[in-house]
Amino acid sequence: DVGTGKTTLLNAFVDSLDNDVIVARVSDPGLSQLDFIKFIAEKFGMDTDFETKSEFLILFTRFLEEAEQDGKKVLLIIDEAQHLTDEILEQIRLLSNIENQDKKLLNIFLVGQNEFNATLEKYKNRALRQRIAISYTLKPLDREETKACIEYRLGVAGVQKHLFTPEAIDAIHTLSEGFPRVINVICDHALFQGCQEKQDEISDEMIWRISKNIRFAHMPQGLG
């Protein structure tokens, strides 16, 4: 869902890859078919001097085969996949078919919001759906993960003590429903307010108080 940390997770994943992985990342898939494959070619550092899909497939197959010969893996990451049209999804399916001696030459990650599941469930997309080997839903943080998230970010900022009381952590988790983006918003407001009031720690009373002035998507009804 929105605000669960997909982009943060993707950034961390890409940063963790070794040099034997060639990565191209598409963050705006709302393109025409020709623009989509030209964008992919450019991201992979390929020659983009082609006018048809067939010309692209010839060049792309050659690119993948050369990567295979060099002992490299090729990964295509498509972010915001909920914006993909059925036509572009069919192009992705065709790309996933490229293989050499029964070995797939291209790895594809489709990363999107929950509504992308409904797109995949369409009958016309069943061929692509059958090719998806692994599917995972990134869920909101639980209470302990919320606490760990807050303490980690404070630690990165150089804070050596617990600024938020356990009760404040409980309140933040309740209000945010575990969505990292919302947790950050609440904590930012709380730290600013605590600074204004010259407080040594953030209490649950302050969290509930500042929540009345915050409006965000994942807040229980009656609050904000």
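The axes of helices H2 and H4 come within 10 Å and cross at roughly 45°. Helix H2 is therefore oblique to H4. Axes here are lines fitted to C-alpha atoms, for helices over the stretch in contact, and angles run from 0 to 180 degrees between N-to-C directions. Angles under 35 degrees count as roughly parallel, over 145 as roughly antiparallel, 65 to 115 as roughly perpendicular, and the rest as oblique. Helices (H or I, at least four residues) and strands (E, at least two) are DSSP runs, numbered from the N terminus. The model is predicted: local features need pLDDT of at least 70, side-chain atom pairs count only at pLDDT 80 or more, and totals for chains, interfaces and linings use all residues. Residues are numbered from 1 along each chain as its sequence is written, and side-chain values use heavy atoms, with hydrogens and water left out.

The crossing of H2 and H4 is right-handed. A crossing is right-handed if the near helix is turned clockwise from the far one by less than a right angle, and left-handed if anticlockwise. In H2, the residues Gln33, Phe36 and Ile40 meet Glu87, Ile88, Gln91, Ile92 and Leu95 of H4. Contact means heavy atoms within 4.5 Å. By class, this contact of H2 with H4 has five nonpolar, two polar and one charged residues. Ala, Val, Leu, Ile, Met, Phe, Trp, Tyr, Cys and Pro count as nonpolar, Asp, Glu, Lys and Arg as charged, and the others, Gly among them, as polar.

Nonpolar cores were examined next. In soluble globular proteins, nonpolar side chains tend to be buried together. A nonpolar core is a set of buried Ala, Val, Leu, Ile, Met, Phe, Trp, Tyr and Cys residues joined through side-chain atoms within 4.5 Å. The largest such core has 29 residues, and Ile40, Phe44, Phe56, Phe60 and Leu76 touch the most other members. At least two residues each come from strand E1 (21–26), helix H2 (33–43), helix H3 (53–69), strand E2 (73–78), helix H4 (86–96) and helix H5 (116–120). Helix H3 supplies the largest share, five residues. Phe60 touches Ile40, Phe44, Met46, Leu95, Ile98 and Leu106, not counting residues up to four places away in sequence. A second, separate core has 20 residues, including Leu154, Ala171, Ile186 and Ala190.

A further helix pair is H7 (residues 143–156) and H9 (residues 180–196), whose axes come within 11 Å and cross at roughly 55°. These two helices are therefore oblique to each other. Their crossing is right-handed. Thr146, Ile150, Arg153 and Leu154 of H7 make the contact with Ile183, Asn184, Cys187 and Leu191 of H9. By class, the contact of H7 with H9 has five nonpolar, two polar and one charged residues.

Thr119 lies in helix H5. Thr119 is buried, at 12% relative accessible area. Buried means under 20% relative accessible area, exposed over 50%, and partly exposed in between (1.4 Å probe, protein chains only). Thr119 touches Asp86, Leu89 and Asn125, not counting residues up to four places away in sequence.

Most residues other than glycine have a negative phi. Glu177 is not a glycine, yet has a positive phi of about 60°. Glu177 sits in the loop between helix H8 (166–176) and H9, and is partly exposed at 38% relative accessible area. Lys198, also not a glycine, has a positive phi of about 55°. Lys198 sits in the loop between H9 and helix H10 (204–211), and counts as exposed at 72% relative accessibility.
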